[in-house]
Amino acid sequence: MKRHLNWLFLLLCMPLLAAPDGKELYEEKCSACHHFHGQGGIGLPLSKEILSQVSDDYIAKTIRHGRPGRIMPSFQKLSLAQVAAIVAYVRSWTGKPGPVFETIRIQGDAKKGDALYQEHCVRCHGKDGSGEGVGTGVTLSRKRSFMVMPAALNNIGFQKSASDAMIRDIILAGRKTSNMPAFRGKLSNQETAHIIAYLRILQPPAPRKGAEEWVGKPAYVMESPYDLETTVENVKQALAGANFRIFPLRYLEQGLTDEFSVNTRQVGIRFCNFKELYHLLNIDPRLGTALPCRINVLEQNGKVLVISANVAQLATLFNNQELSEVGVLMEEIILGVMEEATL
Amino acid sequence: MRMIVGICLVLLLTFPVQADQTLVMARSSAKAAHVMDVLRETIPEYGYSVAHVQRCDGGMAEFDYKTDFYRVVFFGRVEEVRSILARHPEMSPYLPLKIVVIAENNETLLAAMDPRALGSMFPGDAQLQLQFSRWYNDIQSMLDEMRQLKK
């Protein structure tokens, strides 16, 4: 009986133990940004040229570590087998195995590398190695200053994923997709080694953080000394003073129940600055998941509360450093409006 | 018995906990207007009401944004909204739930916040954590359906 139970259990577990399907995983986890066949979108195009320059190990580590602050998330919870399946699927597009690089560190002089970096690399990769230009990959939805943004060489995800030998080969061969020139014949092996040594000491900039008292909290909450109607008017006036356009008020439950059952003591004040909005959508088209800007006024247990999403915290969800910076600025504006309305 | 324990151990090591994301996203090869229509029909099938749809694409072209279709779909269950806001008014900015629908040429991108990303901000409320997981499962399933839509 016990033996039969064992076999039955094993049979039930077969789907879980089966080899992961790379195509299915890619479509689920990667295609939204990289497109169905690596054409690129919010994420980097996984073109044949790019894939021919990077090892399977680099792709696997990139999936695992992501690029902090550069949109690509880290998939820490994917199993080794799942990551390998995604890599194999992506690699299958090229029809041949990827390059394999030595993992040993290339010895060079970072000080000499600094001078060479300033001469040959800084124009595209930036002073601190963050990569110049707006955003990360290419997207079909907005104009870009480069087809593919120069890599953020100071990014901890890049540093952990790229071997010295792989970086050396890319420096020498260049990359047509991103207009990176080939330095073969222009830089000696030793000079290339110096540049790599310099890249290894680059550090990402320290991110700006929101106000200490709101860190880790989902929302800014302030109690109003006024009644609900007065508070709503105060918020509207403060928003207009901060150059926001205000949309018609909506009750939070509006549309979720019939008009007679809606709680009219929970009001959402939606507002927007269109110029800023479109600028932000250019930085990250996924921003809509946090839209529209809204301050809620709720009457609850005899109190009137003014509440807004913690935008500094919310902005970090996009793993986009540029957007995170804007989140901190928006926090100051929204807290200013809320304070003015509840004075 | 040892075999069962062994299998359980293997499963624990190989079956990942899928919570390393803050956004739930999907790409559909269908056009945005079609995805939008299907999504509006799909949301009630999961027991939610569509509260409203907000257009965000009014003047996008003037700002170099090439898509002409950007919608935010708000949806929820009134009893959940009431129950949660009674305990946590600070959840009000995140309710109703929403899914963004963006055209990218002839294809469509969908994105939503993973509600579980809010979990760490409500460490003491196990019921809410469960609610976040349920919402996540529903949003993921809806987006999977949109991903599988044909052109």
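Me: What is the mean pLDDT of chain B, and what share of its residues reach 70 or more?
Reply: The mean pLDDT (the predictor's confidence in each residue, from 0 to 100) of chain B is 86, and 79% of its residues reach 70 or more. Over residues 8-19 of chain B the pLDDT is below 50, although this stretch has 13 contacts in the model beyond near neighbours in sequence; two residues are in contact if their C-beta atoms, placed from the backbone, lie within 7 Å. This is a predicted model, in which local features need pLDDT of at least 70 and side-chain atom pairs count only at pLDDT 80 or more, while totals for chains, interfaces and linings use all residues. Residues are numbered from 1 along each chain as its sequence is written, and chains are lettered from A and ligands numbered from 1 in the order in which they are written.

Me: Which residues does A:Val215 touch, not counting residues up to four places away in sequence?
Reply: A:Val215 touches A:Lys209 and A:Gly210 on that count.

Me: What pattern does chain B follow along the sequence?
Reply: Chain B reads α-β-α-β-β-α-β-β-α, with 4 helices and 5 strands. Helices (H or I, at least four residues) and strands (E, at least two) are DSSP runs, numbered from the N terminus.
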